[in-house]
Amino acid sequence: MLQKKSSIDVPLTIGYHFTRLVMAGVFIYASIDKIIHPDLFAEAVFNYQVLPGYLVNLTALILPWLELILGACLLINRWMAGASALAAMLMALFVGMIIFNLARGLDISCGCFSAAPDDDPITLLTLARDICFLIFSLGLAGLVFIKNTRRVR
């Protein structure tokens with residue numbers, strides 16, 4: 001038996017796929033340069049001055065692959081509950097790190113989309129961009145929750 005879709009299903013579906021694809025592109029694009037240049041990304045991670053020395057290289061090696069896998073999950077629409085929650089948590093962490101370093105007045109590279117130490121310095125514009133991505137991630141997590149609760153009924 002076919003169920004009639006409510007008038008709100010179409011905008012929710014469009015919003016779900018739009019935010020999913022945007023965040024997939026963001027995470028995949030962000031991971032590529034970091035994977036290619038792990039030494040430069042390790043320097044960017046070190047410059048944040050928030051991790052003990054023994055975790056810098058480990059973070060520089062794992063985080064880009066985590067971003068790539070997360071972006072792939074979002075792109076292929078798999079494991080969305082975990083992927084959307086992880087995306088929101090990572091974006092909240094990134095926003096927190098940017099706010100922390102802006103407050104400390106450190107003049108460092110974001111390391112967000114390029115591992116080069118001179119590219120993409122942390123500014124209020126960087127913060128605004130990442131807050132937009134955080135809002136997208138939280139929205140996606142909310143849409144995944146709505147989608148999953150409707151499916152259970």
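Is C73 buried or exposed? C73 is buried, because its relative accessibility is 12%, and buried here means under 20% relative accessible area, with exposed over 50% and partly exposed in between (1.4 Å probe, protein chains only).

## Ground rules

This is a predicted model, so to speak: local features need pLDDT of at least 70, side-chain atom pairs count only at pLDDT 80 or more, and totals for chains, interfaces and linings use all residues. Residues are numbered from 1 along each chain as its sequence is written, and side-chain values use heavy atoms, with hydrogens and water left out.

## Cysteines

Back to the cysteines. The structure has one disulfide, a term that stands for a pair of cysteine sulfur atoms within 2.5 Å. The partners are C110 and C112, with their sulfur atoms 1.6 Å apart, and both of these residues are buried. C132, on the other hand, is in no disulfide; its nearest cysteine sulfur belongs to C112 and sits 13 Å away. With a relative accessible area of 43%, C132 counts as partly exposed.

According to UniProt (an unreviewed entry), "transmembrane region" features fall at residues 12-32, 52-76, 83-102 and 122-146. Those positions follow the numbering used here, feature names are shortened, and annotations may be inferred rather than shown by experiment.

How does the model look over two of those stretches? Residues 52-76 are 96% helix and 0% strand, with the end C-alpha atoms 35 Å apart. Residues 83-102 come out at 100% helix and 0% strand, and there the end C-alpha atoms are 28 Å apart. Helices (H or I, at least four residues) and strands (E, at least two) are DSSP runs, numbered from the N terminus.

Helix 1 takes in residues 9-36, and its 28 residues should span 40 Å at 1.5 Å a residue; the end C-alpha atoms are 41 Å apart, which agrees. The expected span is 1.5 Å times one less than the number of residues. Buried residues in helix 1 include D9, Y16, R20, F27 and K34.

## Two loop residues with positive phi

N77 sits in the loop between helix 3 (53-76) and helix 4 (80-104). Its phi is near 65°, a positive value in a residue other than glycine. N77 counts as partly exposed because its relative accessibility is 23%.

D120 is in the loop between helix 4 and helix 5 (124-152). Phi of D120 is near 50°, again positive in a residue other than glycine. At 24% relative accessibility, D120 is partly exposed.
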